[in-house]
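User: I would like to learn how to read a structure file residue by residue. Could you take me through one, feature by feature?

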Amino acid sequence: MSRASVTVKPRLKALGQQLEEWAHRGLDQHLRVGITGLSGAGKTAFITALVHQLLKAERDHLPMWEVLAQGRWLGAQRARQPDLTLAPFDYDAAMSCLLAEPPSWPPSTRGISEIRLALRYRPGRGLRRQFKESVTLYLDLVDYPGEWLLDLPMLAQDYGQWSEQAWARLTHPTWRQSSETWCEQVRALSGSEDAEVAGCAEHYGQLLGQLRQQGATLLQPGRALLPGELAGTPVLAFFPLPPECDNEALRALMTERFDAYCEQVVKPFYRHHFARFDRQVVLVDCLTPLNQGRAPVEQMGMALKGVLDSFRYGPGSLLRRLFKPQIDKLLFAATKADHVSVDQHPNLLKLTQSLMGDAQRQIRFAGGEVETMVLSAVRASEQGQVDDGRGPIPVIRGHRLDGQPLMRFPGEVPGALPPAEFWQGQGFDFVPLAPPKGTLPLPHMRMDHLLQWLLGDKLR
């Protein structure tokens with residue numbers, strides 16, 4: 001066999017896969033969904049639960065999913081992954097964690113991965129019903145780190161703008177104690193020598209990791225936290241400079257590397273993955289930042305608004321889907337609904353919406369559909385009541401992360417960010433929960449609502 005034929009075959013195979021994808025898009029039988037989450041939102045557990053509910057769909061377990069309630073659902077199965085350059089989402093390993101004894105939450109993914117499902121159903125109306133007994137919708141779920149999503153706003157900035165904002169966040173009173181040593185290291189830089197700059201950049205990545213543990217959300221560049229194959233490369237060796245810095249050589253170097261990061265890291269991700277999504281789910285954990293104080297909640301709001309500004313919106317017509325796909329539906333899902341009592345869910349929804357500000361209305365005006373939802377992909381608690389002598393009090397029952405049983409009133413969720421004086425006298429204490437023990441199908445809160453939002457219009 002000639003070398004030319006060896007080279008041509010993979011190209012023909014790739015072309016065939018692309019043509020197949022275009023055909024599915026043209027027939028509206030393909031949906032590509034990006035799924036990400038801000039730090040600690042439970043993204044891996046969410047994707048695992050979503051795949052599980054589709055593979056094991058039962059009418060009693062998902063009553064609000066119309067295609068199932070109408071008896072038109074025929075089933076789902078895993079299909080061949082379309083993009084062989086992406087790591088497969090390890091559904092089996094994640095399920096093993098949830099079903100272990102004792103159960104544990106699956107570890108966070110540190111890169112981009114994908115899983116494809118073939119969803120088969122009977123059409124309910126229109127030409128499909130007349131000519132086809134069944135239709136298959138190919139659903140691609142693409143998992144990527146939220147840290148990478150938070151890099152997209154950098155494309156609308158130059159280095160000076162980004163540096164000024166990032167430095168202001170680092171020197172905020174809430175984070176100043178943690179960042180003070182690194183800030184002094186930067187101020188002491190006397191030149192632009194590679195070794196000195198590389199050391200400072202490495203410490204900056206470590207600082208971002210420390211701040212993430214303390215509740216900071218808007219941490220850029222995201223690859224400094226999850227460098228992957230870029231670890232130790234010059235394109236990651238940049239950081240913000242103090243406004244008073246007059247080291248022109250250093251500022252020029254930082255500008256060069258910032259520009260290279262945007263051009264060689266962020267834009268390719270946008271073009272190759274993000275811009276190809278038809279729909280997007282962003283998971284948000286509002287409860288952990290509430291535990292940590294006002295500044296983490298404020299910064300989460302800034303991150304959400306930056307995310308909203310970064311999306312491409314517009315109606316998902318077939319021509320646009322075929323030649324220029326863009327997100328026509330965007331969901332912000334407030335997770336860990338099982339960590340509070342049901343009567344607090346309306347406030348959790350209001351809090352999430354308030355953090356996004358007016359951006360939702362702007363998206364709708366532009367033709368996109370944006371939704372906010374409160375859910376729990378894997379319900380880790382049961383709802384209950386106790387009487388303390390003054391009347392019934394709502395409680396949740398579950399297990400702490402160490403396996404110890406728990407029954408408590410988790411507290412009230414504010415419908416908006418509390419004023420500064422509130423935090424001086426009190427705070428919040430929402431306790432993390434362990435997964436439920438050996439329950440199948442996986443218990444959930446409102447995953448049927450999510451399936452209807454995500455797929456309802458495609459399974460008619």
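User: Where is arginine 446 found?

Analyst: This is a predicted model. Arginine 446 is found in the loop between helix 16 and helix 17. Its phi is positive, about 70 degrees, although arginine 446 is not a glycine.

User: Is arginine 446 buried, partly exposed or exposed?

Analyst: Buried is under 20% relative accessible area and exposed is over 50%, with partly exposed in between. Arginine 446 has a relative accessible area of 29%, so it is partly exposed.

User: What else is found in the loop between helix 16 and helix 17?

Analyst: Proline 441 is in that loop, and a cis peptide bond joins leucine 440 to proline 441, with omega at about -5 degrees. Glycine 438 also lies between helix 16 (420-425) and helix 17 (447-455). At 57% relative accessibility, over the 50% cut-off, glycine 438 counts as exposed. Glycine 438 and leucine 99 are 339 residues apart in sequence, yet their C-alpha atoms are 5.3 Å apart in space.

User: Which other residues are joined by a cis peptide bond?

Analyst: Glutamine 220 and proline 221 are joined by one, and omega is about -5 degrees there. Proline 221 sits in the loop between helix 9 and helix 10 (248-272).

User: How do I read a pocket? What is the volume of the largest pocket, and which residues are closest to its centre?

Analyst: Start with the volume, then go to the lining. The largest pocket has a volume of about 1,200 Å³. It is lined by 45 residues, and the closest to its centre are Ser39, Gly40, Ala41, Gly42 and Lys336. Helix 2 (43-55), helix 6 (146-149), helix 9 (194-213) and helix 11 (287-292) are the elements that give two or more residues to the lining. Helix 11 gives the most, with five residues. By type, the lining divides into 21 nonpolar, 17 polar and seven charged residues.

User: What is the backbone like at lysine 336?

Analyst: Lysine 336 has a positive phi of about 65 degrees although it is not a glycine. It is placed in the loop between strand 7 (329-334) and helix 14 (345-356). With 23% relative accessibility, lysine 336 counts as partly exposed.

User: What does the side chain of glutamine 299 reach, and is the residue buried or exposed?

Analyst: Glutamine 299, in helix 12 (residues 294-310), is buried because its relative accessible area is 6%, under the 20% cut-off. A polar atom of its side chain lies 2.8 Å from the backbone nitrogen of threonine 217. Beyond four places in sequence, glutamine 299 touches Arg169, Trp175, Ala216, Thr217 and Leu218.

User: Which backbone atoms lie by the side chain of glutamine 383?

Analyst: A polar atom of that side chain is 3.3 Å from the backbone oxygen of valine 340, and the side chain reaches the backbone nitrogen of valine 342 at 3.2 Å. Glutamine 383 is in strand 9 (residues 381-387) and is partly exposed, with a relative accessible area of 30%.

User: Where is confidence lowest and where is it highest?

Analyst: Where pLDDT is low, the predicted coordinates should not be read in detail. The chain averages a pLDDT of 88, and 88% of the residues score at least 70. Confidence is lowest in helix 13 (residues 318-323), at a mean of 46, and highest in helix 2, at 98. Over residues 22-27, pLDDT stays under 50.

Terms used. Residues numbered from 1 in each chain as written. Predicted model: local features only at pLDDT ≥ 70, side-chain atom pairs only at ≥ 80, totals over all residues. Heavy atoms only, no water. Helix = DSSP H or I, 4+ residues; strand = E, 2+ residues; numbered from the N terminus. Buried < 20%, exposed > 50% of the residue type's maximum accessible area, 1.4 Å probe, protein only. 1 Å grid on protein atoms, 1.4 Å probe; cavity = no way out; pocket = protein on both sides within 12 Å on 5 of 7 lines; lining within 4 Å. Points joined across faces, edges and corners; volume = space filled by probe spheres on them. Nonpolar A, V, L, I, M, F, W, Y, C, P; charged D, E, K, R; others polar. pLDDT = per-residue confidence, 0-100. Contact = heavy atoms within 4.5 Å. Polar contact = N/O pair within 3.5 Å; in protein donor to acceptor, adjacent residues only side chain to side chain.
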